Amino acid sequence: MSRPGIREVASVAEVAIGTVSNFLNHPERVSEAKSRRIREAIEALGFVPSSAGRQLRMGVSTLLGYLVPDVSNPHFAEIAESIERRADERGLSVLIANSHRSREREDAYLRLFEQHQVRGIIAASHEPLDARLAAARERGTASVIVGQRAMDARQPSVSVDDVAGGRLAVEHLVDRGRGRIAFVGGPLSVVQVEERLAGGSAAARAHGVAWEVIEVAERTLAVGRAVGEALVARAPQARPDAVFGANDLLALGVLQALVAAGIAVPDEIAVVGFDDTEFAAASVIPLTSVSTRHAGFGEAVVDVLFDTISGRQPAQPHRVFAPELIVRGSTGDTEGAVA
């Protein structure tokens, strides 16, 4: 069954096609009587206006494309919410595309955004994006990278200082008297993981503590639990006395496995995560985490993109937010303190 079009609406409402077009694009030009008949015809026919066609006629899109690596991760969901809120304030809608951490899907969605002539692209990835977004920029589509600092001076980005965050996590564990620290994260080729590891490694070397790197293929709760179970299987003297997870999901999975095995947290093993998602505070033993939940982060992303779309040089084209450590029960008794 074919979808009803503007011609069918005009016929049922007994008005000219041009009158229906005015109703959709310039309603102030249509009388109340004709507007009422057109509304009734639209409802009766189930007519859905084509925003894409309207955008092409007007030359301006009302859509932003947002590429997300994993929408099930609460970190990305929280960022998406703030981006949508800011976009709505500017009269725009956000089309969210979940790449499932697949390079092939990322490239397909970037092409789709361009095909739909979105107003601009917001892109988060665990792989470099500069070159791919440069091609879109040359074709007239502005963009901003989220979560990693752009390498290209012409490419705007909004990120968090992951190296400083890794350093904060390990220095906190050292301050709590920990001398055998394990980092859990991966793949190590992922920019954010690499930088968190670099910050943590530098702090471990500076303080002369034992440092173990446990590389994993995915940063999920299930993988974290598997790592925790492997640590529990070791002889007590072979276990680390602290674990730093590259994100909260890994850290929470480790924490769950330790608690299930009767390992005292934090007395025997302390645990730190990264991102400070809402799940961190809600854990049975609240999780100490490096916070990237900055007020204004999503707003900054949209504002930087909008400046770029408008042809203005953003005041901070490569904005980097400073991380904060939120101390909770998984490393000590100072609940909710900011370090």
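Trainee: In which order do the strands of the open sheet of six stand?

Mentor: This is a predicted model, in which local features need pLDDT of at least 70 and side-chain atom pairs count only at pLDDT 80 or more, while totals for chains, interfaces and linings use all residues. Residues are numbered from 1 along each chain as its sequence is written, and side-chain values use heavy atoms, with hydrogens and water left out. Strands (DSSP runs of E, at least two residues) and helices (H or I, at least four) are numbered from the N terminus, and two strands pair if DSSP finds at least two bridges between them. With parallel pairing, the order is β2-β1-β3-β4-β5-β11.

Trainee: Which strands stand at the edges of the sheet?

Mentor: An edge strand here has a single partner strand, so one side of it is left without a neighbour in the sheet. This applies to β2 (93-98) and β11 (318-321).

Trainee: What is the average twist from one strand to the next?

Mentor: Angles run from 0 to 180 degrees between N-to-C directions, and axes are lines fitted to C-alpha atoms, for helices over the stretch in contact. From each strand to the next, the twist averages 15 degrees.

Trainee: How many residues of strand β1 are buried?

Mentor: Buried denotes under 20% relative accessible area, exposed over 50% and partly exposed the range in between, with a 1.4 Å probe and protein chains only. Strand β1 spans residues 63-68 and is mostly covered. Of its six residues, the buried ones number five.

Trainee: Which residue is the bridge partner of L67 in β3?

Mentor: β1 pairs with β2 in the parallel sense over six bridges, and L63 has S93 as its partner in β2. β1 also pairs in parallel with β3, over four bridges. In β3, L67 is partnered by A123.

Trainee: Which helix lies in the β-α-β unit with β1 and β2?

Mentor: The unit is right-handed (with the strands pointing away from the viewer, the path from the first strand over the helix to the second runs clockwise). Between β1 and β2, its helix is α5 (residues 74-89).

Trainee: How are α5 and α13 oriented to each other?

Mentor: Two packed helices are described by the angle between their axes and the distance between the axes. For α5 and α13 (residues 297-309), the angle is about 50 degrees and the axes are 7 Å apart. Angles under 35 degrees count as roughly parallel, over 145 as roughly antiparallel, 65 to 115 as roughly perpendicular and the rest as oblique. The two helices, α5 and α13, are therefore oblique.

Trainee: Which residues of β5 point the opposite way from S157 and S159?

Mentor: In a regular strand the side chains alternate between the two faces of the sheet. In β5 (residues 157-160), S157 and S159 point one way, and all four residues are buried. Pointing the other way are V158 and V160.

Trainee: Which residue is the bridge partner of V160 in β11?

Mentor: β5 pairs in parallel with β4 over two bridges, where V146 is partnered by V158. Four bridges join β5 to β11, also in parallel. In β11, V160 has as its partner F321.

Trainee: Is A260 buried or exposed?

Mentor: A260 lies in helix α11 (residues 248-260). Its relative accessibility is 71%, and A260 therefore counts as exposed.
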